[in-house]
Structures are given as structure tokens and as C-alpha cells.
Amino acid sequence: MRKSEVLAAEAVSCLNKALCHLKDIWEEIGIPEDQRLQRTNVVKNHIKGLLDMMIKEEESLKKRVISSIQTCRTEMEKLCLELQLSVFEEEVGISMLQQEKNIRTQVEVLIKEKAQRMQQLKTLLEQDQDLCDILCSMPYGISADSVPSPEQLETFRQHISAQNAEKARRYAEFMDVKKQIILYMEQLDHIPETSFEKDVVCEDEDSFCLSRDNITSLKLLLCQLEERKAENEATCEAHREKIQQLWDRLQVPQEERGAFNEHMVTSRKRNLEALQAEVQRLEELKLLNIRNFTDATRSEIAVFWEKCFLSTEQRQAFSPYFSEDFTEELLGLHEAEIQRLKLHYEDHKELFDGVNQWEESWRLFLELEKKATDPTRFANRGGNLLKEEKQRSELHKSLPKLEKKLKAQIEAWESEQGREFFVNGQKFLQYVEEQWELHRIEKEMEKQERQLKKSKQTEEDMLYGTAVRTPTKRRFLGTTTPNKSRKMVKVT
């Protein structure tokens with residue numbers, strides 16, 4: 001028999017003894033039967049109430065145990081799903097308390113396993129982000145919120161290891177190329193100019209982004225410096241040959257040549273600049289006389305370009321004008337050009353003079369128009385105001401007449417020559433129309449500006465209480481005109 005059953009039997013025996021004891025006490029006291037019955041019923045109800053309360057408490061404990069088992073089982077299933085593990089098999093034939101304890105213990109183990117995996121994932125993600133920042137690569141494709149499996153963590157570790165190896169390889173390549181770049185820059189006397197060059201040469205190696213694009217740009221910069229070095233060497237060698245030839249032709253003394261020996265060996269930037277300066281100096285000595293004649297001819301050509309109203313394209317068409325290779329052939333080309341321009345000017349002198357007259361008249365007309373809008377012109381008491389207004393009126397009448405005359409001459413010329421007449425690369429009559437239209441637009445803008453200024457002034461007067469008062473023509477009786485008032489003479 002169980003101890004609990006023995007204790008239950010003892011409880012029943014105690015209850016019976018207590019009832020018998022109560023019966024004896026009631027006998028001795030002489031309590032009537034009806035009261036005994038009543039008192040016995042009270043004892044029964046009291047004992048029954050105590051037992052019912054205890055049963056209720058134990059039933060509540062049973063429900064809590066069942067609820068805990070269900071909660072732990074749900075949590076365990078969720079963790080097994082997240083950790084990608086099979087569900088824990090529960091023992092059969094055990095008590096509810098033992099079942100609850102076993103499931104709760106398994107849940108604690110699963111929670112610890114989840115925390116360990118998430119911590120490992122966090123560490124790997126931090127390492128991956130650092131590598132992505134250095135290599136400018138895409139982050140590893142894994143979610144930071146879901147619980148990874150052991151296989152996923154192992155694959156992630158392998159990826160981190162591969163990224164670290166790639167970082168080491170790119171860093172070694174970067175350091176090797178950087179040394180070569182610095183060497184070439186020193187040989188070329190080149191100071192880093194672009195932000196990329198400064199990052200490569202001046203910044204700390206560990207802060208350089210080892211992306212594929214940067215490594216490619218690094219190699220491209222190295223190739224550019226190599227090409228510049230090769231070009232510098234080739235250019236310097238060509239200059240040396242040219243200098244040697246010019247020294248021989250100009251019979252430069254050996255002492256003067258010896259002072260230049262340093263630049264005849266090395267090919268740095270300063271050597272290249274010195275060689276270029278020496279070539280230029282020798283060429284100037286060689287071409288001194290030819291250049292003087294050519295420059296004088298060019299000055300004369302420029303004068304006729306202005307007289308003939310040639311456009312920039314027409315001037316640039318004579319390419320020898322811009323040549324710096326001063327030779328006898330170049331001088332001959334300039335002399336031929338000046339003869340052609342003189343003949344062209346004489347053939348169309350009447351037209352060119354008319355165009356020049358119109359431009360001078362138009363320039364004067366614009367100046368007078370500008371003066372007419374100047375409010376300070378009324379302060380002039382020398383009679384120039386009337387004279388300028390008269391001149392402006394005459395120009396306003398004469399300009400259309402001159403334009404009409406030029407139009408007839410141009411049409412006759414175009415019919416005779418079979419081509420259009422251009423001034424400064426543009427049809428002259430079209431140019432005249434554009435000038436008038438620009439003048440009209442400018443006048444309209446000035447008018448709008450005055451109206452706007454007047455409107456702003458009116459708004460300010462209304463805002464600050466300063467009103468423009470118009471004097472009335474009629475006077476009230478009894479008023480006196482200030483400048484007509486009688487002055488009082490003081491008698492001494």
C-alpha cells in the first residue's frame with residue numbers, strides 16, 4: 001500500500017474519532033437530538049468545504065501543468081522548424097509533471113542552440129560587411145533575421161575565407177602597382193592632380209578601396225604613365241636631334257653647347273621643358289628675318305579682312321596666316337593673299353564703303369538713343385541736347401534710305417556675280433533686319449522696366465504713407481503765392 005493511501009486511511013480514522021468525541025461531549029452536555037443533528041450537519045459541511053477547496057486547487061494545478069506542456073510543445077516545434085531539426089519524441093507512460101519538465105528542458109537547449117547560431121551569423125555578417133567595404137563587392141546572400149543551418153554557416157565561412165584571400169591578392173597587386181606608379185611620377189616630375197591619383201599616392205594603403213574598378217583604373221593609370229614616359233623620351237630625343245642640327249647650322253660655340261649637356265642625357269619634365277625652350281630659341285634665331293617680313297604682311301592682311309568684312313570662317317580658311325613655320329614659301333603665300341584681298345576690295349569698294357557708312361550711322365544712332373533715355377541729359381545747358389535730338393531724328397530718316405540704296409546695289413551685284421553678298425559671314429540685309437529687331441526688343445524691355453519700377457514705387461508709397469500729390473490748378477481764396485509775396489524791408 002502507498003504511503004498516501006495509509007495517510008488517507010489515518011485521516012478517515014481521525015475523522016471518525018473526532019465525530020465520536022463530539023458525540024460523547026454532546027451526550028454529557030445533554031444536547032437534544034435535533035440540535036445534535038444540526039451540529040453534525042455543520043461539521044459535515046465544514047469538512048466537505050475544505051475538501052472541495054483542496055480539490056479545486058489541485059485541479060487548477062493540473063490545468064497549469066497541461067497549459068505549460070502545450071506552450072512548451074508549441075515553442076519546441078517552432079524552434080525545431082527554425083533550426084531545421086526533427087521534433088523531439090516525447091516519452092510514453094510518464095506523469096504530466098515529468099512530461100512538462102522534459103519538454104521545458106528541451107526548449108532551453110533549443111533556445112541556446114539558436115542563440116549560438118545567431119551569434120555566429122552576426123560575426124560572419126560583420127566580417128562580410130568589412131570585406132564588402134574594402135572590395136566594393138555585394139554582400140553575401142543570407143538573411144540576418146532567419147536562423148541559419150550548420151551547412152549554411154559553413155558555406156558562409158568558406159565565402160569569408162575566399163573573400164579574405166581575394167583581399168590579400170588585390171592588396172599585394174595594389175602595392176606592387178603603386179610602387180611602379182610612384183617611380184614613374186618621380187621620373188616624370190608629375191604631381192598627383194586627380195582625386196584618384198591622390199588616393200593612390202598620398203593616402204594610407206589600408207584605406208584604399210580594392211574594388212575591381214579601382215584595380216583596373218590603377219593599371220590604366222600605370223599604362224598612361226608608361227606611355228607618357230615613352231612619349232617624353234621620344235619627344236626629348238627628337239628635340240635633341242633638332243637642337244644638334246640647329247647648333248651645327250647656326251655654328252653655336254662648343255662652350256654654349258657644353259652648358260646644355262645635362263638636358264641632352266636625361267628625359268625628365270624639366271629636361272623636356274629646357275629642350276623645348278632651346279629649340280624655340282634656335283628657331284627664332286633662324287627665322288628672325290623671315291618672320292619680320294611675314295608679320296608685316298599679316299598686319300596688312302588683317303586690315304583688309306576688316307575692310308572686306310570677312311567672317312571668322314573666311315579668315316581661318318587662309319591657314320598659312322596661323323602657321324608658325326616661318327619659311328620663304330610661307331611668306332610667298334602671304335604676299336599672294338594680300339594681292340587677292342586688294343583686288344577684291346577694289347572690285348567691291350562702293351559696296352564696302354556703303355556697308356561701313358551704315359555701320360557707323362547705326363552705331364551713332366544707338367549712342368544717341370541711349371543718351372535720349374538718360375535722365376541726366378536735361379542738366380546740359382550748352383545746347384547739346386537739342387543738337388543731339390536733331391541728329392537722332394536725321395539718322396532715323398537717313399538709315400532706311402541708306403538701307404534701300406544698299407539693297408538695290410547688293411541685288412545688282414548678286415545678279416551680276418551669281419552668288420550672295422555676305423558681310424561677316426551673314427547676308428547683310430538679314431543682319432540689318434536683326435539689328436532693328438534687337439533694338440525694338442531692347443526698347444520694349446526698357447519700357448517694361450520703367451513701368452515695373454513705377455509700379456514698385458507706387459506700392460512703396462502706399463505702404464509707407466508717402467503719396468504723390470498732384471498740385472491743383474485752382475487756388476482757394478485767401479491763399480498767397482510764395483514767390484509773389486511781398487517782401488518786408490527792414491529799416492535801419
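F322 is partly exposed at 44% relative accessibility, where buried means under 20% relative accessible area, exposed over 50% and partly exposed in between, with a 1.4 Å probe and protein chains only. The model is predicted, so local features need pLDDT of at least 70 and side-chain atom pairs count only at pLDDT 80 or more, while totals for chains, interfaces and linings use all residues. Residues are numbered from 1 along each chain as its sequence is written, and side-chain values use heavy atoms, with hydrogens and water left out.

**Aromatic pairs**

- The structure contains six aromatic pairs; rings of Phe, Tyr and Trp (its six-membered ring) pair if their centres lie within 6.5 Å, and planes under 30 degrees apart count as stacked, over 60 as edge-to-face and the rest as tilted.
- One of them joins W247 and F260 edge-to-face, at 6.1 Å centre to centre and 85 degrees between the planes.
- This pair links distant parts of the chain, 13 residues apart: W247 belongs to helix α6 (residues 212-250), and F260 to the loop between α7 (254-258) and α8 (269-286). Helices here are DSSP runs (H or I, at least four residues), as are strands (E, at least two), numbered from the N terminus.
- W247 and F260 are both buried.
- Y321 and F322 form an edge-to-face pair because their ring centres are 5.3 Å apart and their planes stand at 75 degrees.
- W305, Y321 and F322 are linked into a cluster by ring pairs.

**Charge over rings**

- K307 has its charged end over the ring of F304, 5.1 Å from the ring centre; the criterion is NZ of Lys or CZ of Arg within 6 Å of the ring centre and within 35 degrees of the ring normal.
- The charged end of K307 also sits over the ring of Y345, 5.4 Å from its centre.

**Largest nonpolar core**

- The largest nonpolar core has 28 residues, and I301, W305, W358, F421 and F428 have the most contacts inside it. Such a core is a set of buried Ala, Val, Leu, Ile, Met, Phe, Trp, Tyr and Cys residues joined through side-chain atoms within 4.5 Å.
- Two or more residues of this core come from each of α9 (288-307), α11, α12 (349-372), α13 (384-417) and α14 (428-464).
- The biggest share is from α12, which gives seven residues to this core.

**Largest pocket**

- The largest pocket has a volume of about 270 Å³.
- On a 1 Å grid over the protein atoms alone, a pocket is an open set of points with protein on both sides within 12 Å along at least five of seven lines, whereas a cavity is a set where a 1.4 Å probe fits but cannot get out; lining residues have an atom within 4 Å of a point. Grid points are joined across faces, edges and corners, and the volume is the space filled by probe spheres set on the points.
- The largest pocket is lined by 19 residues, of which L310, Q314, H344, R419 and F422 are the closest to its centre.
- At least two lining residues each come from α10 (312-317) and α11 (328-347), and α11 gives the most, with four.
- The lining of the largest pocket comprises 11 nonpolar, three polar and five charged residues; Ala, Val, Leu, Ile, Met, Phe, Trp, Tyr, Cys and Pro count as nonpolar, Asp, Glu, Lys and Arg as charged, and the others, Gly among them, as polar.

**Pairs separated in sequence**

- V432 lies in helix α14 and is buried at 4% relative accessibility. V432 and W358 are 74 residues apart in sequence, with 9.3 Å between their C-alpha atoms.
- L341, in helix α11, is buried with a relative accessible area of 0%. Its C-alpha is 9.9 Å from that of V303, 38 residues apart in sequence.
- L131 is part of helix α3 and is buried, with a relative accessible area of 4%. L131 and L210 are 79 residues apart along the chain, and their C-alpha atoms are separated by 9.6 Å.
- L19, in helix α1 (residues 3-29), is partly exposed at 34% relative accessibility. L19 and K44 are 25 residues apart in sequence and 9.8 Å apart in space, C-alpha to C-alpha.

**Backbone**

- Most residues other than glycine have a negative phi.
- C136 is not a glycine but has a positive phi of about 55 degrees.
- C136 is in the loop between α3 (96-135) and α4 (150-188) and is partly exposed, with a relative accessible area of 46%.
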